[in-house]
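Hello,

Here is the structure I promised to pass on. My notes follow below it.

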Amino acid sequence: MSDINGDLFTEQEQQEADTHASLKLTWADIPALMIFCALFVTVFLQFFTRYVLNDSLAWTEEIARYLLILVAFVGAVKCQLVDSHIRLEIIDKLAGRALPRLKIIALTLSAGFFGFAIYSLNELMTKTSYQKMVSLPFPKYYFYGLIMVALGVLVAVHAVSYTHLTLPTNREV
């Protein structure tokens, strides 16, 4: 029984250790870390004021919600840069030599989706530009604009990944 437990996840654990060792802090991590730190401070402030002072601040819940959404979109940029998005790895193994074509199709579809999301956010921003956040005096289009920037960067990263996949790797001079 100990042999099965000992060897069962050895390969996967080694792959995860190699992945963690190769992940270094880069410029792409800075925005996500800043947003995550702001989220941490906001949630801690909400917890402290609600449970210690017994008088919660109304704006912390709304800001925490917006920051959580924003960290998801900014984190997606980092995941795309290191090619670590959640996917069915069995499809990667079954695709074999067709894997690059499959990745090109996936990049094209997801870039199209993100482009449509940018268009939709632009429409939403123009139609709701007069609305303010519920508990803060700021317009909602500031938040929508930040998401649109993150999606624009994500489309640019998709374009770079697409270019790397479609360029020939072996050039003869």
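Which residues form a nonpolar patch on the surface? They are Phe-40, Val-41, Phe-44, Phe-47, Phe-48, Tyr-51, Val-52 and Leu-53, with about 880 Å² of accessible area together. Patch members have over 30% relative accessible area and no salt bridge, and nonpolar side chains are joined within 5 Å. Areas are Shrake-Rupley values with a 1.4 Å probe.

The model is predicted: local features need pLDDT of at least 70, side-chain atom pairs need 80 or more, and totals for chains, interfaces and linings use all residues. Numbering runs from 1 along each chain as its sequence is written, and side-chain values use heavy atoms, without hydrogens or water.

Tyr-51 sits in helix α3 (residues 29-52); helices are DSSP runs of H or I, at least four residues. Tyr-51 counts as exposed because its relative accessibility is 58%, and the cut-off is over 50%.

The other side of the story is burial (under 20% relative accessible area). In α3, Asp-29, Ala-32, Ile-35, Leu-39, Thr-42, Gln-46 and Thr-49 are buried. Their cover includes α4 (59-81). Just after α3, Asn-54 takes a positive phi of about 60 degrees.

Now Lys-140, in the loop between α6 (99-127) and α7 (141-166). Lys-140 is buried but has no salt bridge (Lys or Arg side-chain nitrogen within 4 Å of an Asp or Glu carboxyl oxygen). Glu-62 is the nearest side chain of opposite charge, 6.1 Å away. Beyond neighbours within four places in sequence, Lys-140 contacts Tyr-66, Gln-131, Lys-132 and Met-133 (heavy atoms within 4.5 Å).

Best wishes

Conventions
Patch = residues over 30% accessible without salt bridge, like charges linked within 9 Å, V, L, I, M, F, W, Y side chains within 5 Å. Helix = DSSP H or I, 4+ residues; strand = E, 2+ residues; numbered from the N terminus. Buried < 20%, exposed > 50% of the residue type's maximum accessible area, 1.4 Å probe, protein only. Lys, Arg positive; Asp, Glu negative; His and termini not counted.
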